[in-house]
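Please read them with the structure open.

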Amino acid sequence: MVLITDFKQFLKIKGASILLVGMFLYGIGTGILAPMNAVYMRNGIGLSKFEIASIFSISLLLNMITTIAIGIISDKIKRKKPLPIFACILCMTGLLIYINASTYMVTLIGMVFAVAPSGLIMGQFFAMARNHFKTLAPEIYEMAQIWLRAMLSVGFFTGLLIGANLFIFGDFKSVLWGNFLGYATLFVVLLLYKEHEAPASLSSDKSEAFSLVMLFALLLLACADALRGLYLPLVVVQLFEEPQLMSYLWSVQAVFELMFMTVAGYWANKFGSKIVIIISSLCALTTYLVYSINPPLWAFFLVQPLYSFFVSVLYGVAMGYVQRMFNTRIGFGSSLYVFLSQTAALIGYLLPFLISGYQPRIFIIPSVLVGTAFLLMVVLLIINRSKEKITLIQSVHQDNNYS
């Protein structure tokens with residue numbers, strides 16, 4: 001079986017194991033805090049909806065600037081490893097401030113230091129990994145990166161369970177210390193990792209044509225996901241008054257996301273990335289529509305597998321798609337994808353102010369975003385197919401004339 005053969009080859013790649021461990025630890029750190037962050041600001045610190053959104057937006061805006069700036073210059077830097085190492089130090093410093101925050105300003109300062117450098121961790125980590133896999137295993141480097149991204153889901157899933165239990169047996173501060181430990185262990189792993197500095201071969205690359213429409217469609221999809229990431233915990237707590245439910249809900253998502261990640265990668269190789277992204281957007285649209293009708297708790301869990309497929313495509317297949325647009329500039333391509341996600345998050349944080357409170361009807365907004373992205377991608381696909389047919393017909397006519 002191709003999957004088993006490829007995975008065995010992946011595990012034999014020198015340095016793959018430490019990259020997997022690093023991504024697993026990063027996933028744990030983010031998973032511990034993700035469902036509780038906005039809830040902690042509201043219930044633990046006592047911030048308003050506007051204050052919470054402004055903190056997320058300001059810290060994210062600085063994250064975006066940092067990520068794209070580093071992405072532009074990173075391809076000129078021979079060794080990328082010092083960048084995520086320094087970012088880990090800043091993130092840990094920010095978390096120490098955040099843990100002791102009791103006012104809006106201190107919370108903002110803590111979040112700025114904890115969040116602003118985190119984008120370059122993700123971007124440069126995948127840039128290092130992509131260069132690593134392209135050099136040592138060029139025939140499977142696309143799937144190797146997807147499996148690395150899948151390990152992030154494993155870590156995220158583990159972090160969700162740890163975070164839920166830390167909250168039950170401790171408090172919000174316990175959750176924050178767990179997040180700090182995740183960055184600390186990632187810092188150690190990065191120190192141990194030996195970066196592969198040999199130039200990556202581009203001979204096996206399948207580059208993608210640059211498409212502003214596809215980038216905009218992916219931005220809309222990421223906007224919808226960012227809105228859900230921030231506001232679903234608040235909506236669930238508002239409806240059911242149990243913060244730990246979000247950790248369990250995201251645990252279900254992470255399990256199915258792990259299952260779908262590899263499948264989505266092989267489908268993208270077989271049918272094309274655009275087709276798989278389009279299908280996944282329909283899954284997301286169905287999920288958002290269910291969210292918006294004020295469903296019972298079991299319905300939230302029921303649609304999670306659908307959303308897991310969407311997420312596995314958005315953060316696996318789509319990431320590789322964007323990187324292939326800039327296949328000769330690995331650092332910039334990786335950072336650009338993270339920048340798109342960050343831009344989407346900033347927009348996603350602000351859009352719900354069009355709807356007051358934390359009501360399920362907030363999810364009408366991501367439904368519209370995903371629906372628009374779906375239409376754009378379908379129209380683009382039809383136009384491209386038509387151009388290909390016209391080109392083929394013209395080629396046949398020219399051959400007939402020559403004959």
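How many residues has α5, and how far does α5 reach from its first C-alpha to its last?

1. Helix α5 has 18 residues and reaches 26 Å from its first C-alpha to its last, close to the 26 Å expected at 1.5 Å a residue. The expected span is 1.5 Å times one less than the number of residues in the helix. Helices (H or I, at least four residues) and strands (E, at least two) are DSSP runs, numbered from the N terminus.

2. Some ground rules apply throughout. This is a predicted model, in which local features need pLDDT of at least 70 and side-chain atom pairs count only at pLDDT 80 or more, while totals for chains, interfaces and linings use all residues. Residues are numbered from 1 along each chain as its sequence is written, and side-chain values use heavy atoms, with hydrogens and water left out.

3. The protein chain has 16 helices and 0 strands. Of its 403 residues, 57% count as buried; buried means under 20% relative accessible area, exposed over 50%, and partly exposed in between (1.4 Å probe, protein chains only). Contact means heavy atoms within 4.5 Å. Among contacts between residues at least 6 apart in sequence, 85% join residues at least 24 apart.

4. Back to α5: its buried residues are Leu-83, Pro-84, Ile-85, Ala-87, Cys-88, Cys-91, Met-92, Gly-94, Leu-95, Tyr-98 and Ile-99. In the loop between α4 (49–74) and α5 (82–99) is Lys-81. Is Lys-81 buried or exposed? Lys-81 counts as buried because its relative accessibility is 10%. Not counting residues up to four places away in sequence, Lys-81 touches Met-128, Leu-190, Leu-191, Tyr-193 and Glu-195.

5. Two packed helices are described by the angle between their axes and the distance between the axes. Axes here are lines fitted to C-alpha atoms, for helices over the stretch in contact, and angles run from 0 to 180 degrees between N-to-C directions. Helix α2 (residues 16–33) packs on helix α9 (residues 172–192) at an angle of about 165 degrees, with the axes 8 Å apart. The two are therefore roughly antiparallel; angles under 35 degrees count as roughly parallel, over 145 as roughly antiparallel, 65 to 115 as roughly perpendicular and the rest as oblique.

6. The crossing of α2 and α9 is left-handed. A crossing is left-handed if the near helix is turned anticlockwise from the far one by less than a right angle, and right-handed if clockwise. Among the residues that meet are Gly-22, Leu-25, Tyr-26 and Gly-29 in α2, and Gly-178, Asn-179, Gly-182 and Tyr-183 in α9. The residues of this contact divide into 12 nonpolar, 7 polar and no charged. Ala, Val, Leu, Ile, Met, Phe, Trp, Tyr, Cys and Pro count as nonpolar, Asp, Glu, Lys and Arg as charged, and the others, Gly among them, as polar.

7. Helix α9 also meets helix α8 (residues 141–169): the axes come within 7 Å and cross at roughly 145 degrees. This crossing is right-handed. Gly-163, Leu-166 and Phe-167 in α8 meet Phe-172, Ser-174, Val-175 and Gly-178 in α9, a set that divides into 4 nonpolar, 3 polar and no charged.

8. Helix α10 (residues 212–240) and α12 pack at about 30 degrees, with their axes 12 Å apart, in a left-handed crossing. On the α10 side are Met-214, Leu-218, Leu-221, Ala-224, Asp-225, Arg-228 and Leu-232, and on the α12 side Lys-274, Ile-277, Ser-281, Tyr-288 and Tyr-291. The contact divides into 8 nonpolar, 1 polar and 3 charged residues.

9. Helix α12 has 20 residues and reaches 29 Å from first C-alpha to last, close to the 28 Å expected. Its buried residues include Ile-277, Ser-281, Tyr-288 and Tyr-291. In the loop between α12 (273–292) and α13 (297–302) lies Asn-294, a residue other than glycine with a positive phi near 55 degrees. Asn-294 is partly exposed, with a relative accessible area of 47%.

10. Leu-245, in helix α11 (residues 244–271), is buried at 12% relative accessible area and touches Val-236, Phe-240 and Leu-297, leaving aside residues up to four places away in sequence. Leu-380, in helix α16 (residues 364–402), counts as buried at 14%.
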